[in-house]
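Visitor: I'd like to learn how to read a model like this one, feature by feature. Could you walk me through it?

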Amino acid sequence: MTASKIIIFDCDSTLSSIEGIDELACIAGDEVRQQIEEMTNAAMEGKIPLESVFAKRLEIIQPTLEQVTQIGELYIQRVEPSALSAIATLKQDGWLPIILSAGYVQAIQPLAEYLGISSIEAVPLLFNSDGSYQDFDRSYPTTRSGGKLEIVKKIRHKYSPSQIVAIGDGVSDLETKPGVNMFIGFGRYAVRDKVKTESSYFIQDLAEILSIIPDL
Ligand SMILES: [Mg+2]
């Protein structure tokens, strides 16, 4: 497959204002939410490795398929206001959009469809036949620090693009910087100092992408 220009979007706190895992924790109650939010924040700020919280958060919450489906709806309700039109414009100009996330495939799928994005790189959750939580795909790269860069390298190998641009709010997104042509930090919903300092651009609105990326 070939695609000459690829734009990679983070999902949580980028394409949508929410952190899916925090919203799942919310369903489990205030105390669980606080505990989970602290873990998520520490990981997104790069203070602790993602793999140290990834399994733990899911083991605490034990999300059901129904709850994950609810989060899917919430991603759309809280979509970044300019995401739909910015992505449509990018596609018209020949960019292939890909979602790259440490979130869950089943939760992100509806948002991807809504935004017209056909390629999702995210963590598959595993459920029992009654919809109760079983496990997650423990081999999937974005369950650990550096995992997004691994996927970016695979994407580059698969498509041999002339350009890869990545955009996101977290340190896990910033880790893709060595593998992309341009990394754009996104700070509308969450500002991480390390991301703000080390990004080529730091924006607050996805429409701003259109004026800063190459060939537009
Ligand atoms: Mg994010």
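Guide: Let's begin with a network of salt bridges, which links Asp10, Lys148 and Asp173. A salt bridge here is a side-chain nitrogen of Lys or Arg within 4 Å of a carboxyl oxygen of Asp or Glu. Before we go on: this is a predicted model, where local features need pLDDT of at least 70 and side-chain atom pairs count only at pLDDT 80 or more, while totals for chains, interfaces and linings use all residues. Residues are numbered from 1 along each chain as its sequence is written, and side-chain values use heavy atoms, with hydrogens and water left out.

Visitor: How many salt bridges turn up in the whole structure?

Guide: The search finds 13. Take Arg33 and Glu23, whose closest N and O atoms are 3.8 Å apart. Arg33 sits in helix α2 (residues 30–44) and Glu23 in helix α1 (residues 20–27), so this pair ties together parts that are ten residues apart in sequence. Helices (H or I, at least four residues) and strands (E, at least two) are DSSP runs, numbered from the N terminus.

Visitor: And are those two residues buried or exposed?

Guide: The general idea: buried means under 20% relative accessible area, exposed over 50%, and partly exposed in between (1.4 Å probe, protein chains only). Arg33 counts as partly exposed at 21%, and Glu23 counts as buried at 14%.

Visitor: Which residue does Arg192 bridge to?

Guide: Asp169, with the closest N and O atoms 3.0 Å apart. Arg192 is in the loop between β7 (182–186) and α9 (193–198), and Asp169 in the loop between β6 (163–168) and α8 (171–174), so the pair ties together parts that are 23 residues apart in sequence. Both Arg192 and Asp169 are buried. For another case, look at Arg144 and Glu150, with 3.2 Å between their closest N and O atoms. Arg144 is partly exposed at 30%, and Glu150 is partly exposed at 31%.

Visitor: Now the metal. Which residues are the protein donors of the magnesium ion?

Guide: Donors are N, O and S atoms within 2.8 Å of the metal (3.2 Å for Na, K and Ca); water is not among the atoms, so sites may look incomplete. Here the protein donors are Asp10 (OD), Asp12 (O) and Asp169 (OD), lying 2.0 to 2.1 Å from the magnesium ion. Along the sequence, the spacing of the donor residues reads D-x1-D-x156-D. Asp10 is buried at 5% relative accessibility, and Asp12 is buried at 8%.

Visitor: What about aromatic pairs: how many does the structure hold?

Guide: Three. Rings of Phe, Tyr and Trp (its six-membered ring) pair if their centres lie within 6.5 Å; planes under 30 degrees apart count as stacked, over 60 as edge-to-face and the rest as tilted. One of them, Phe54 with Tyr104, is edge-to-face, at 6.3 Å centre to centre and 75° between the planes. That pair links distant parts of the chain: Phe54 is in helix α3 (residues 51–61) and Tyr104 in strand β2 (residues 95–104), 50 residues apart. Phe54 and Tyr104 are both buried. Ring pairs also bring Phe136 into a cluster with Phe54 and Tyr104.

Visitor: Last one: how do I read the cavities, and how many are there of 30 Å³ or more?

Guide: On a 1 Å grid over the protein atoms alone, a cavity is a set of points where a 1.4 Å probe fits but cannot get out; lining residues have an atom within 4 Å of a point. Grid points are joined across faces, edges and corners, and a volume is the space filled by probe spheres set on the points. The count comes to three. The largest cavity holds about 180 Å³ of space. Its lining has 18 residues, with Asp12, Glu19, Met44, Ala102 and Gly103 nearest its centre. Strand β2 gives the most to this lining, with four residues.

Technical notes. On a 1 Å grid over the protein atoms alone, a cavity is a set of points where a 1.4 Å probe fits but cannot get out, and a pocket is an open set with protein on both sides within 12 Å along at least five of seven lines; lining residues have an atom within 4 Å of a point.
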